[in-house]
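Subject: Structure for you to look at

Hello,

I am passing on the structure we spoke about. Please open it first and read my notes alongside.

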Amino acid sequence: MIRGEPLPDPAAEGTALTPDGLAAALRAVGEARYHSHHPFHHLLHGGELTKGQVQAWALNRYCYQAAIPRKDAALIARCDDPALRREWRRRLADHDGDGPGEGGVDRWLALATDLGLDAATVRGQQQALPATRFACEAYVRFVAERSLVEAIASSLTELFAPQIISQRVHGMLANYSFVSEATLAYFTPRLTQAPRDAEHALDWVCEHARTPEQQSAAIAALAFKCDVLWAMLDALHHAYVAPGHVPPGAFVPEDA
Ligand SMILES: O=C(O)c1cc(C(=O)O)c2c(n1)C(=O)C(=O)c1cc(C(=O)O)[nH]c1-2
């Protein structure tokens, strides 16, 4: 599948895919639309950004990290199945930890402060781009309001996360003198957490989305999530690369 192609639409075809067929369709959509293809990531991983631009990325991405446990909690609140809740609450524990400094959100904060940002500024989210905040909130609302199949399918971008994380860690360590292995420590546990979570979510969606309508909704949910991630990078590019329009009140790098 290529990026501009319309989404597979079993509902329009009037025929349900097999569970394996649905898994293949979801993988194809993610591979075509994942944020690994975004030009901002090519610049970030290729060492072509200034420290200030990398700071802007970390500050904005904090909003995403902070939204993730809220959307996971919204999902748990809607589950009737204790087995699914047990599985999903592991995600909450991964992001929030069992105490301050232990979970993914705080580990992202450590990444941001290691890059020279002020912790309170990052945590406050007021200097994030408006589009970042809108995109993250759209993800939380989507998960809270749509069907459980759509809510779970929207997490499936994580199928593709390990590959981009490897590229990012490798590229940033090689290309930026201000980045060390300690800076990027956030990503190490993600390399095992993301595949575990994503495979469970993929199995669940393929097991539970059996009608053509449910399958089309699952595919559209994954595309929506790809749009969330893409929109955040579009906003970063517009503000900090070209044309360089930083919205009023948003973070201004010292080296800008
Ligand atoms: O580094 C990345 O490119 C990337 C991507 C994604 C993703 O695909 O949504 C997640 C993460 N990282 C991540 O660290 C993370 O905790 C996470 C949770 C989720 C989710 O939708 O539940 N996605 C992602």
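The crossing of α2 and α11 is right-handed. Helix α2 covers residues 19-33, and its axis comes within 9 Å of the axis of α11, at roughly 130 degrees. Angles over 145 degrees count as roughly antiparallel and those from 65 to 115 as roughly perpendicular, so α2 and α11 are oblique to each other. On the α2 side, the residues that meet α11 are Pro-19, Leu-22, Ala-23 and Leu-26, and their partners in α11 are Leu-202, Cys-206 and Glu-207. By class, this contact of α2 with α11 has six nonpolar residues, no polar ones and one charged.

Before you go further, note that this is a predicted model. The pLDDT of the protein averages 97, and 99% of the residues score at least 70. For the complex, the predictor gives an ipTM of 0.93 and a pTM of 0.96. Where pLDDT is low, predicted coordinates should not be read in detail.

Helix α11 (residues 187-208) also packs against helix α10 (residues 161-175), with the axes 9 Å apart and an angle of about 165 degrees. These two helices are therefore roughly antiparallel. Their crossing is left-handed. Ala-161, Pro-162, Ile-165 and Val-169 are the α10 residues in this contact, and they meet Phe-187, Arg-190, Leu-191, Ala-194 and Pro-195 of α11. The contact of α10 with α11 divides into eight nonpolar residues, no polar ones and one charged.

The ligand comes next. Which residues are around the ligand? They are Ile-68, Gly-104, Ser-155, Thr-157, Glu-158, Ala-161, Ile-164, Ile-165, Arg-190 and Leu-229. With three residues, α10 gives the most to this shell. Ala-161 and Ile-165 are among the residues around the ligand, and both also take part in the contact of α10 with α11. Arg-190 is likewise in the shell around the ligand and on the α11 side of that helix contact. Sorted by class, the shell has five nonpolar, three polar and two charged residues.

A further helix pair is α8 (residues 130-145) and α12 (residues 212-240), whose axes come within 8 Å and cross at roughly 170 degrees. That angle makes α8 roughly antiparallel to α12. The crossing of α8 with α12 is left-handed. From α8, the contact draws on Ala-131, Thr-132, Ala-135, Ala-138, Tyr-139 and Phe-142; from α12, it draws on Phe-224, Lys-225, Val-228, Ala-231, Met-232 and Ala-235. Ten of the residues in this contact of α8 with α12 are nonpolar, one is polar and one is charged.

Two points about the backbone remain. In the loop between α7 (119-124) and α8 sits Gln-125. Its phi is near 65 degrees, a positive value in a residue other than glycine. In the segment after α12 you will find Pro-243. The peptide bond that joins Ala-242 and Pro-243 is cis, with omega about 0 degrees.

Regards

Terms used: Residues are numbered from 1 along each chain as its sequence is written. This is a predicted model: local features need pLDDT of at least 70, side-chain atom pairs count only at pLDDT 80 or more; totals for chains, interfaces and linings use all residues. Axes are lines fitted to C-alpha atoms, for helices over the stretch in contact, and angles run from 0 to 180 degrees between N-to-C directions. Helices (H or I, at least four residues) and strands (E, at least two) are DSSP runs, numbered from the N terminus. Angles under 35 degrees count as roughly parallel, over 145 as roughly antiparallel, 65 to 115 as roughly perpendicular and the rest as oblique. A crossing is left-handed if the near helix is turned anticlockwise from the far one by less than a right angle, and right-handed if clockwise. Two residues are in contact if their C-beta atoms, placed from the backbone, lie within 7 Å. Ala, Val, Leu, Ile, Met, Phe, Trp, Tyr, Cys and Pro count as nonpolar, Asp, Glu, Lys and Arg as charged, and the others, Gly among them, as polar. pLDDT is the predictor's confidence in each residue, from 0 to 100. A residue is near a molecule or strand if its C-beta atom, placed from the backbone, lies within 6 Å of it.
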